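Colleague: I am new to this model and would like to learn how its features are read, one at a time. Could you begin with the terms and then turn to the case at hand?

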Amino acid sequence: MSRLPPHGFAALSATIGALLSLGLGVLALGAEEASHLIVPLGIAVVLTVAATAIATRHLPGASLSTRFIAIAVFATLIGLANLAVIAIQMLVTESDAILVATLLVYAAGAAIGAGIATARTSSAAVEKLSGAARRLAGGDLSARAGRVGGGRELESLATTLDEMAQRVEASLQREREAESQRRDLIVAVSHDLRTPLADLRAMAEAIEDGVVDDPETIHRYTARMGDAVQSLTTLVDDLFEFVQLDAGAIEAETRRARLEEVVRSAIAACDGQATDKRLILRTELGDAADASCSPRLTRVIQNLLQNAIRHTPADGTVLVEARQDGRGIELAVADTGEGIEPAAVDRIFEPFWRGDAARASDGSGLGLALAKRIVEALGGTIAVESEPARGSRFAIVLPAAGGAAGSP
């Protein structure tokens with residue numbers, strides 16, 4: 001029925017209405033008396049179709065007030081036409097016809113007044129919607145239509161518009177934040193690349209130009225060049241992994257490993273650094289040693305250990321501890337190092353953030369950010385507790401159904 005053209009829909013509706021009216025007439029007056037209604041009802045159907053055709057052609061661009069007035073006028077004219085036909089058939093007296101016509105004219109006036117009042121309400125609602133849409137188009141993403149008071153359909157449209165605006169605003173905000181993070185990332189990478197590259201260039205030119213030629217200095221320069229290359233390699237590797245890390249892929253992984261093996265691998269990767277600083281690496285895994293976890297946790301623990309070793313003075317201690325309960329695993333890496341200033345705790349997991357303003361400390365600046373991203377991809381959380389000059393403790397909590405828990 002929704003596919004019918006307007007005049008077809010009007011003809012169908014008028015015909016059904018005429019048939020229903022005729023049926024009621026038969027029930028109320030009898031078939032013989034009701035037969036007098038056939039001609040007036042037929043004329044009403046024809047006039048309804050004609051009025052609809054005229055309205056479809058001439059009123060598409062008209063205002064709501066004009067449309068409502070036209071409907072009232074057309075309805076009144078159809079009623080008057082029917083009344084004229086009934087009067088011609090002498091089914092009513094002339095005085096009765098005049099009386100009914102007067103009432104129809106009054107009804108038309110009342111309908112026109114009600115139509116104008118209704119149109120004003122609807123027009124105000126449409127104008128409010130249009131105003132909000134114009135503000136959004138002009139770049140004001142905070143614009144909202146709110147409650148427009150124009151009926152259920154217009155209220156639904158206003159709600160849809162506001163929801164769309166909210167989603168667009170949130171999307172653009174995320175885009176701005178991402179762009180800001182990209183700029184910060186480029187600045188940080190540029191800074192961290194510049195220092196080792198400048199050292200490499202200076203030392204290579206010194207050797208090439210013969211500024212230094214004694215074997216001892218050349219050996220020292222070569223060692224420093226190797227350190228610079230290693231720093232660049234670490235930075236590039238961490239940066240590549242940070243950018244390519246896919247939380248969805250990590251969540252879908254099915255590979256599992258024993259927590260004890262994961263911790264042992266991470267410690268083995270950091271043992272040389274700890275030995276050079278005469279640090280003690282201890283583990284207290286307890287009943288969590290046999291827990292099943294993602295192999296990705298190796299990189300998390302390794303990054304936390306490297307951070308602890310970097311910031312713990314010689315002869316200090318770094319402890320890896322874990323415990324398991326029905327909810328999952330809690331794993332922590334604690335050190336007796338220099339600690340973190342309270343103002344810096346909230347920024348410790350930001351990519352390329354470092355506690356020293358000159359960014360002169362070792363490391364790529366991505367280790368803790370990588371650790372946080374991996375842990376969250378595994379469905380867990382990571383937090384830090386620290387006290388300056390007394391050490392730090394990084395705690396990871398992984399749910400039983402997600403990153404780690406249970407028996408292998």
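Modeller: Let us begin with axes, which are lines fitted to C-alpha atoms, for helices over the stretch in contact, with angles that run from 0 to 180 degrees between N-to-C directions. Helices (H or I, at least four residues) and strands (E, at least two) are DSSP runs, numbered from the N terminus. The model is a predicted one, in which local features need pLDDT of at least 70 and side-chain atom pairs count only at pLDDT 80 or more, while totals for chains, interfaces and linings use all residues. Residues are numbered from 1 along each chain as its sequence is written, and side-chain values use heavy atoms, with hydrogens and water left out.

Colleague: How many helices and strands are there in the protein?

Modeller: The protein has twelve helices and seven strands. Of its 408 residues, 32% count as buried, where buried means under 20% relative accessible area, exposed over 50% and partly exposed in between (1.4 Å probe, protein chains only). A contact means heavy atoms within 4.5 Å, and among the contacts with a separation of 6 or more, 68% are between residues 24 or more positions apart.

Colleague: How is the span of a helix read, and what span does α10 reach?

Modeller: The expected span is 1.5 Å times one less than the number of residues. Helix α10, residues 297-310, has 14 residues and reaches 20 Å from its first C-alpha to its last, close to the 20 Å expected. Twelve of these 14 residues are buried, so α10 is largely enclosed by the rest of the structure; among them are Leu297, Val300, Ile301 and Leu304, and also Arg299 and Asn303.

Colleague: How do the axes of α10 and α12 cross?

Modeller: In general, two packed helices are described by the angle between their axes and the distance between the axes. Here the axes of α10 and α12 (residues 367-377) come within 9 Å and cross at roughly 150°. That makes α10 roughly antiparallel to α12, given that angles under 35 degrees count as roughly parallel, over 145 as roughly antiparallel, 65 to 115 as roughly perpendicular and the rest as oblique. The crossing is left-handed, a term used if the near helix is turned anticlockwise from the far one by less than a right angle, with right-handed used if clockwise.

Colleague: Which residues make that contact?

Modeller: From α10 come Arg299, Val300, Asn303, Leu304 and Asn307, and from α12 come Gly367, Leu368, Leu370, Ala371, Ile374 and Val375. By class these divide into seven nonpolar, three polar and one charged, where Ala, Val, Leu, Ile, Met, Phe, Trp, Tyr, Cys and Pro count as nonpolar, Asp, Glu, Lys and Arg as charged, and the others, Gly among them, as polar.

Colleague: Is α12 mostly covered or mostly uncovered?

Modeller: Helix α12 is mostly covered, with eight of its eleven residues buried. Arg373 is found in this helix and counts as partly exposed, at 34% relative accessibility. The C-alpha atoms of Arg373 and Phe242 are separated by 8.4 Å, although the two are 131 residues apart along the chain.

Colleague: How do α9 and α10 cross?

Modeller: Their axes come within 9 Å and cross at roughly 35°, and α9 passes α10 in a right-handed crossing. The residues that meet include Val262, Ala266 and Cys270 in α9 and Leu297, Ile301 and Leu305 in α10. The contact of α9 with α10 has twelve nonpolar, five polar and no charged residues.

Colleague: What is the phi of Arg278?

Modeller: Most residues other than glycine have a negative phi. Arg278, which is not a glycine, has a positive phi of about 55°; it lies in the loop between α9 (259-276) and β2 (280-284) and is exposed, with a relative accessible area of 52%. Asp315, in the loop between α10 and β4 (317-325), also has a positive phi, near 70°, and counts as exposed at 53% relative accessibility.

Colleague: How far apart in space are Asp315 and Arg278?

Modeller: They are 5.1 Å apart, C-alpha to C-alpha, and 37 residues apart in sequence. Not counting residues up to four places away in sequence, Asp315 touches Lys277, Arg278 and Leu279.
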